[in-house]
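Student: I would like a close look at a single part of this structure. Please take one element at a time and keep the account connected.

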Amino acid sequence: MIFKKLSDHKKIDVGEYVTNYLFENPGTDLYVGCDSQNTKNFTIYATVVVLHKNNKGGHVLYCKESVPKILNNFSKLWGEVDRSIILASKLNHEFGIPIKYVDLDLNPDPKYRSSQVLRAAVGYVESMGFTPRVKPQELWAISAADSICK
């Protein structure tokens with residue numbers, strides 16, 4: 001995964017960057033999430049880290065990737081969950097960085113198709129040692145990812 005800073009789109013090493021940022025900004029919370037958007041021929045995924053600094057604003061790092069279009073809704077949504085877990089695990093296990101929440105773009109309301117993935121996704125996130133957040137909570141990582149993948 002190639003990550004960039006949202007502010008200037010410069011490429012970064014996400015683990016090294018976050019480690020240094022946390023050292024310089026104690027009390028910063030991390031939120032990880034992913035969103036996707038289908039286009040005519042591709043599915044665009046945006047995986048993000050939001051560095052939330054003591055209720056004084058945020059800093060966003062992102063990775064944007066295109067894959068052949070995924071038509072199956074469960075598979076597309078599971079791709080979001082999986083990318084979030086891969087990133088959270090890398091930051092936590094390789095760099096010792098605590099993740100406050102893994103934000104999931106899933107809705108518990110059965111009228112939304114994403115509800116079909118919810119239980120499996122929450123179980124997966126929790127089994128990996130992370131705390132999931134889902135709608136209707138404020139999902140800052142998902143909000144950032146949504147704007148990036150469009």
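Tutor: The model is predicted. Asp103 is found in strand 6, which covers residues 101-103. The residue is buried, with a relative accessible area of 0%. A polar atom of the Asp103 side chain lies 3.1 Å from the backbone nitrogen of Ala141. Not counting residues up to four places away in sequence, Asp103 touches Tyr31, Val32, Gly33, Cys34, Ser84, Arg133, Leu139, Trp140, Ala141 and Ile142.

Helix 1 comes next. Asp13 caps its N-terminal end, with a side-chain oxygen 3.2 Å from the backbone nitrogen of Gly15. The buried residues in helix 1 are Val14, Gly15, Tyr17, Val18 and Tyr21. These residues lie on the same side of helix 1 because they cover an arc of only 165° around the axis. Phe23 and Glu24 are exposed, on the other side of helix 1. The cover over the buried residues of helix 1 includes strand 1 (3-5), strand 2 (11-12), strand 3, strand 4, strand 5 and helix 2.

Helix 2 also packs against helix 1 in a crossing that can be described by its axes. The two axes come within 10 Å and cross at roughly 65°, and the crossing of helix 1 and helix 2 is right-handed. Helix 1 makes this contact through Val14, Gly15, Glu16, Val18 and Thr19, and helix 2 through Leu87, Lys90, Leu91 and Phe95.

Val18 leads on to the core. Leaving aside neighbours within four places in sequence, Val18 is in contact with Leu30, Val49, Leu51, Leu61, Leu91 and Ile97. The largest nonpolar core has 29 residues, of which Val18, Val49, Leu61 and Leu91 touch the most other members. At least two residues of this core come from each of helix 1 (14-24), strand 3 (28-38), strand 4 (42-53), strand 5 (58-68), helix 2 (73-95) and helix 3 (115-127). Helix 2 supplies the largest share, six residues. A second, separate core holds twelve residues, including Ile44, Ala141, Ala144 and Cys149.

Terms used
Residues numbered from 1 in each chain as written. Predicted model: local features only at pLDDT ≥ 70, side-chain atom pairs only at ≥ 80, totals over all residues. Heavy atoms only, no water. Core = buried A, V, L, I, M, F, W, Y, C linked by side-chain atoms within 4.5 Å. Buried < 20%, exposed > 50% of the residue type's maximum accessible area, 1.4 Å probe, protein only. Helix = DSSP H or I, 4+ residues; strand = E, 2+ residues; numbered from the N terminus. Contact = heavy atoms within 4.5 Å. Arc of directions from axis to C-beta. Polar contact = N/O pair within 3.5 Å; in protein donor to acceptor, adjacent residues only side chain to side chain. Axes fitted to C-alpha atoms, helices over the stretch in contact; angles between N-to-C directions. Left-handed = near helix turned anticlockwise from the far one by under 90°.
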